[in-house]
Amino acid sequence: MKAHVSSILLGVRDLDRAKRFYSEGLGWKIQNDFGISVFFESDGASPVGFYDRKGLAAQVGTDAEGSGFSGLVLTYVVRSEARVDEIMAEASAAGATVVKPAGALPWGGYGGTFADPDGYIWSLGYSDAGVDQPYAE
């Protein structure tokens, strides 16, 4: 098995709310809307899709209910501190919860963290030390 993710599927409690947050709030373009799921244009990266949380749990054979930190963090690496600040502001305006405001990070970079309306955590980061980083944009 390669260290590669073919797609990222997130179970959400309100599919319409998730579509609005990511399309209207963050500017993502919908590629396919199947009614029970939606996928966004990936710009060459791993596609991100959303399913109804109960439907996705049933599909993979698990319980839809759970609480606390899931251990999953989605990272988004950008090319400047200013872009981190811009995205944090966009996400907050769209209804995200700022978990950790943007600022200096212990390892020398700059970043912030927000949770989308379903509680999925996005970690934004920038570092001028790296030259071969998995930039999202």
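Me: What makes β6 and β7 count as paired strands, and which way do they run?
Reply: Pairing takes at least two bridges, and five bridges join β6 to β7 (residues 110-115), so the two strands qualify as a pair. They run antiparallel. Keep in mind that this is a predicted model.

Me: Which residues stand opposite each other there?
Reply: G103 stands opposite G111 in β7, and A104 stands opposite Y110. The hairpin of β6 and β7 has five residues between the strands, and G108 takes a positive phi near 105°.

Me: Why is A102 called partly exposed?
Reply: Its relative accessible area is 28%. Buried means under 20% and exposed means over 50%, so a value of 28% falls in between, and A102 is partly exposed. A102 lies in strand β6 (residues 97-104). Leaving aside neighbours within four places in sequence, A102 is in contact with V84, D85, M88, Y110, G111 and G112.

Me: Why are β5 and β6 said to stand at the edges of the sheet?
Reply: The open sheet has four strands in the order β5-β8-β7-β6, with mixed pairing. β5 (73-77) and β6 each have a single partner strand, so one side of each is left without a neighbour in the sheet. The twist averages 15° from one strand to the next.

Me: What packs on that sheet?
Reply: Helix α3 (residues 81-93) does, touching β5, β6, β7 and β8 (121-126). Its direction makes about 15° with that of β7.

Me: How do you know that β7 and β8 are paired?
Reply: They share six bridges in the antiparallel sense, and at least two are needed, so β7 and β8 count as a pair. In this pairing, G111 stands opposite G125 in β8. This is a hairpin too, with five residues between the strands, and G119 in the turn has a positive phi of about 90°.

Me: What makes β7 mostly covered?
Reply: Six of its six residues are buried. Y110, G112 and F114 point one way from β7, while G111, T113 and A115 point the other way. As a rule, side chains in a regular strand alternate between the two faces of the sheet.

Me: Why do the buried residues of α1 line one face of the helix?
Reply: In α1 (residues 15-25), the buried residues are L15, A18, K19, F21 and Y22. Seen down the helix axis, they fall within an arc of 165°, so they line one face.

Me: What caps the N-terminal end of α1?
Reply: D14 does, with a side-chain oxygen 3.2 Å from the backbone nitrogen of D16. α1 is followed by G27, whose phi is positive, near 80°.

Note on methods:
Residues numbered from 1 in each chain as written. Predicted model: local features only at pLDDT ≥ 70, side-chain atom pairs only at ≥ 80, totals over all residues. Heavy atoms only, no water. Buried < 20%, exposed > 50% of the residue type's maximum accessible area, 1.4 Å probe, protein only. Arc of directions from axis to C-beta. Polar contact = N/O pair within 3.5 Å; in protein donor to acceptor, adjacent residues only side chain to side chain. Contact = heavy atoms within 4.5 Å. Axes fitted to C-alpha atoms, helices over the stretch in contact; angles between N-to-C directions.
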